Amino acid sequence: MAAEDTRHTAKLLSHFGISRPMVSYWGEKEKVKAEAVMARLLRGESVALVSDAGTPGISDPGAVLIRRALEEGVSVVAIPGPSALVAALGISGLPTEEFTFFGFSPSKKGERQRFLRERALEPRTMVFYESPHRVVDTLVDMEEILGGGRRAAVIRELTKVHEEALRGTLSGVLDMMQREGSVIAGEYVIVLEGKPPEAGRTLGEALEEVAALMKRGMGRKEAVRTVAGQYGLSRRELYQRSLGSPET
């Protein structure tokens with residue numbers, strides 16, 4: 001059994017009276033541990049991959065081992081379990097017909113802001129994971145870059161005794177978090193409304209959007225790619241127009 005934390009998994013096994021050999025399999029050692037586990041699999045052994053919470057491979061250790069097993073032709077079977085992504089989305093009150101999951105945003109402020117700028121025009125509901133130590137900083141950046149009027153839900157301690165969901169506009173949720181002052185240990189899920197569709201958008205409006213993204217620090221090519229995809233325009237034409245020169 002490959003466990004993210006053998007201490008936590010041992011408690012679960014003990015509760016059900018199960019005794020199995022375990023190996024620690026956690027994030028920073030994943031590549032090294034994956035080879036050790038693969039050696040067992042290639043000898044014909046069966047291995048259960050267990051994470052402390054959530055689902056292995058979804059912002060939890062497991063993706064490297066699963067990929068290696070598939071490369072070697074080893075059968076991989078999923079056992080349905082908890083997923084903070086789906087649970088939070090389901091109670092967020094935001095559209096669920098289409099959504100996109102981005103996992104954890106970068107920890108460094110500059111990288112995180114660029115990460116968010118790249119998603120400024122995403123029309124689908126967005127789901128992020130965040131740590132309790134960075135959640136307020138991330139919400140501040142989201143408000144500045146994505147706009148405080150978007151609907152949002154911040155859910156913490158999912159499925160636990162102190163589960164709580166804060167819902168409202170992004171600015172409103174951020175205000176509640178800041179007034180609270182302290183945070184509960186454990187990971188957060190941020191569910192955020194995508195950019196609302198705009199009717200009758202023109203090339204001129206697209207150029208204004210490109211200029212706005214560039215003022216926020218995004219490179220021209222990156223801004224053009226983002227806006228062209230959202231507006232359904234030719235990337236080449238939009239780039240040339242953004243330079244103020246005719247298409248060649």
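In what order do the three strands of the open sheet stand, and is their pairing parallel or mixed? The three strands stand in the order S2-S1-S3, and their pairing is parallel. The views below come from a predicted model, in which local features need pLDDT of at least 70 and side-chain atom pairs count only at pLDDT 80 or more, while totals for chains, interfaces and linings use all residues. Residues are numbered from 1 along each chain as its sequence is written, and side-chain values use heavy atoms, with hydrogens and water left out.

**View 1. The open sheet of three strands, S2-S1-S3.** Helices (H or I, at least four residues) and strands (E, at least two) are DSSP runs, numbered from the N terminus, and two strands pair if DSSP finds at least two bridges between them. The edge strands here are S2 (23–24) and S3 (49–50), each of which pairs on one side only. Strand S1 (residues 2–3) pairs with S3 in the parallel sense over two bridges, and the bridge partner of Ala 3 in S3 is Val 50.

**View 2. The crossing of helices H2 and H3.** The axes of helix H2 (residues 30–42) and helix H3 (residues 63–71) come within 9 Å and cross at roughly 40 degrees; axes are lines fitted to C-alpha atoms, for helices over the stretch in contact, and angles run from 0 to 180 degrees between N-to-C directions. H2 and H3 are therefore oblique to each other, given that angles under 35 degrees count as roughly parallel, over 145 as roughly antiparallel, 65 to 115 as roughly perpendicular and the rest as oblique. The crossing of H2 and H3 is right-handed; a crossing has this hand if the near helix is turned clockwise from the far one by less than a right angle, and is left-handed if the turn is anticlockwise. On the H2 side, Glu 30, Lys 31, Ala 34, Glu 35, Val 37, Met 38 and Leu 41 meet Ala 63, Val 64, Leu 65, Arg 68 and Ala 69 of H3, where contact means heavy atoms within 4.5 Å. By class, this contact of H2 with H3 has eight nonpolar, no polar and four charged residues; Ala, Val, Leu, Ile, Met, Phe, Trp, Tyr, Cys and Pro count as nonpolar, Asp, Glu, Lys and Arg as charged, and the others, Gly among them, as polar.

**View 3. The open sheet of five strands and its strand S5.** The strands follow the order S4-S5-S8-S6-S7, and the pairing is mixed. S4 and strand S7 (164–169) stand at the edges with a single partner strand each, so one side of each is left without a neighbour in the sheet. The twist averages 15 degrees from one strand to the next. Strand S4 (residues 99–104) pairs with S5 in the parallel sense over five bridges, whereas S5 and strand S8 (residues 188–192) pair in the antiparallel sense over five bridges. Met 126 of S5 stands opposite Thr 100, and the bridge partner of Met 126 in S8 is Leu 192. Six of the six residues of strand S5 (residues 125–130) are buried, so S5 is largely enclosed by the rest of the structure; buried means under 20% relative accessible area, exposed over 50%, and partly exposed in between (1.4 Å probe, protein chains only). In a regular strand the side chains alternate between the two faces of the sheet. Both faces of S5 are covered, with Thr 125, Val 127 and Tyr 129 buried on one side and Met 126, Phe 128 and Glu 130 buried on the other.

**View 4. Helices H6 and H7 packed together.** Helix H6 (residues 135–146) and helix H7 (residues 170–180) pack at an angle of about 150 degrees, with their axes 10 Å apart, and are therefore roughly antiparallel to each other. H6 passes H7 in a left-handed crossing. The contact joins Val 135, Val 136, Leu 139, Val 140, Met 142 and Glu 143 of H6 to Leu 170, Ser 171, Leu 174, Met 177 and Gln 178 of H7. By class, it has eight nonpolar, two polar and one charged residues.

View 5. Most residues other than glycine have a negative phi.
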